[in-house]
Amino acid sequence: FLFLSFAGMVQKLDQKLPVANEYLLLSGGVREGVVDIDLDELNVYARGTDYDMDFTLLVPALKLHDRNQPVTLDMRHSALCHSWLSLRLFDEGTISKWKDCCTIVDHINGATNYFFSPTKVADWFYDSISIVLSEIQKKPQRGMPKVEKVEKNGTIISIILGVGSSRMLYDIVPVVSFKGWPAVAQSWLMENHFWDGKITEEEVISGFYLVPACSYKGKKDNEWRLSFARSEVQLKKCISSSLMQAYQACKAIIIKLLSRPKAISPYHLRSMMLWACDRLPASYLAQEDYAAHFLLGLIDDLQHCLVNKMCPNYFIPQCNMLEHLSEETVMLHARKLSSVRSDPAEHLRTAIEHVKAANRLTLELQRRGSTTSIPSPQSDGGDTNQPDDRLAKKLQQLVTENPGKSISVFINPDDVTRPHFRIDDKFF
């Protein structure tokens, strides 16, 4: 709930953000591959050392929710899965509000086109958050979390908040939110998929985002990446628990093993898992005791993708997400994966030990914090640790107890003390 009040305050600064805004909250940070964003510019944070719980919050800077037909984007200047965004799609009031966050292109006929700039939007968002946090520090309120770190990582803003004895990492991603489905992914809907008959097409194509991420040869100031985060949340409902266990185990292994050079992210692994669900018989994937088989299968699929330097985006298959990698990089990672395949149990044990060590460190830091009882500079020195801790745990519980569900947050900028949660279609 904690950053959400900050977001409401940001909205009140210059009224740029939509008044009736909807924030998508995802369990896990950007470094966990929750969204498809390049990791090159992200500082390294470690669970246990820097934070205890991590979340990604997608904050719409613009919303385009009044279209029923497929959304056509300006992809003439971009690589596949990317787009520029002209503010011509919006009204004059929106253009006036956001002119300072655009790159301007003058045409021969005298017309001026404003292209929404991901880098300028991220700069504006970081500056706005900094102003809000500064105001909070000047007028501390009882129960407000301690701001331990605020950093801009490329176009992502990372905030670590001390909440009682817990530290919560929020990766804040400014996005453009669309209702409906992009025309470039329309053919994907014509294919057969593992989720057919399990969830409705309306649930899968309820909306998509543009996230501030550029292709490897694109123009950073103009280019956004298409993100299907809302659809991915829905598709997770249709994946068996044993396959999800295998995915989490494989993710833990590759995060440690394939971190240098940065080439493979958990997002690639998740895409491969979705492809495997389309490819393999549903009866096989439903086997409850096949988690070990699935883990080996995911390792083999990843190895295959590396050797062939081919990992199609699940929603836009013509986009190869490994196309930019050098032969040396893919072969280096393929050799590392060969060592995992020869003794997967040992690598999994190592990954589990890393998690246990992080948990031990968290508990030790929490124990020290409870014995020293140093008041937060943003609190009034009162005993706020206990309710704050419950708040942190409630947020974690909200996410973990609703796997595969879309968790959105609505903020009323006139009353930022009361965020309003929606889990799928139920309100809280």
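Lys309 sits in the loop that joins H9 to helix H10 (327-342), where helices (H or I, at least four residues) and strands (E, at least two) are DSSP runs, numbered from the N terminus. The model is a predicted one, in which local features need pLDDT of at least 70 and side-chain atom pairs count only at pLDDT 80 or more, while totals for chains, interfaces and linings use all residues. Residues are numbered from 1 along each chain as its sequence is written, and side-chain values use heavy atoms, with hydrogens and water left out.

The backbone at Lys309 has a phi near 50 degrees, a positive value in a residue other than glycine. With a relative accessible area of 21%, Lys309 is partly exposed; buried here means under 20% relative accessible area, exposed means over 50%, and partly exposed lies in between (1.4 Å probe, protein chains only). A positive phi, near 55 degrees, is also found at Gln15, again a residue other than glycine. Gln15 belongs to the loop between helix H1 (2-14) and strand S1 (21-27), and its relative accessible area of 42% makes Gln15 partly exposed.

We can turn next to the aromatic side chains. A pair of aromatic rings is described by the distance of the centres and the angle of the planes. Rings of Phe, Tyr and Trp (its six-membered ring) pair if their centres lie within 6.5 Å; planes under 30 degrees apart count as stacked, over 60 as edge-to-face and the rest as tilted. Across the whole structure, the search finds 20 aromatic pairs. One of them is the stacked pair of Phe116 and Trp224, with 5.6 Å from centre to centre and 10 degrees between the planes. This pair links distant parts of the chain, since Phe116 is in strand S5 (residues 112-116) and Trp224 is in strand S10 (residues 224-227), 108 residues apart. Phe116 counts as buried because its relative accessibility is 0%, and Trp224 is likewise buried at 0%.

Tyr284 and Phe294 give an edge-to-face pair, because their ring centres are 5.4 Å apart and their planes stand at 85 degrees. Here too the pair links distant parts of the chain: Tyr284 lies in helix H8 (residues 282-285) and Phe294 in helix H9 (residues 291-308), 10 residues apart. Tyr284 is partly exposed at 29% relative accessible area, whereas Phe294 is buried at 5%. Elsewhere, one aromatic cluster is formed by Phe178, Trp181, Trp188, Trp195, Phe208, Phe228, Trp275, Tyr314 and Phe315. Lys16 lies over the face of Trp98, at 5.6 Å from the ring centre; the rule asks for NZ of Lys or CZ of Arg within 6 Å of the ring centre and within 35 degrees of the ring normal.

A cavity is a set of points, on a 1 Å grid over the protein atoms alone, where a 1.4 Å probe fits but cannot get out, and lining residues have an atom within 4 Å of a point. The count comes to one cavity of 30 Å³ or more. The largest cavity is lined by Glu232, Leu235, Lys236, Ile239, Arg270, Met273 and Leu274. Helix H5 (229-235) and helix H7 (266-279) are the elements that give two or more residues to this lining, and H7 supplies the largest share, three residues.

Definitions and conventions
1 Å grid on protein atoms, 1.4 Å probe; cavity = no way out; pocket = protein on both sides within 12 Å on 5 of 7 lines; lining within 4 Å. Points joined across faces, edges and corners; volume = space filled by probe spheres on them.
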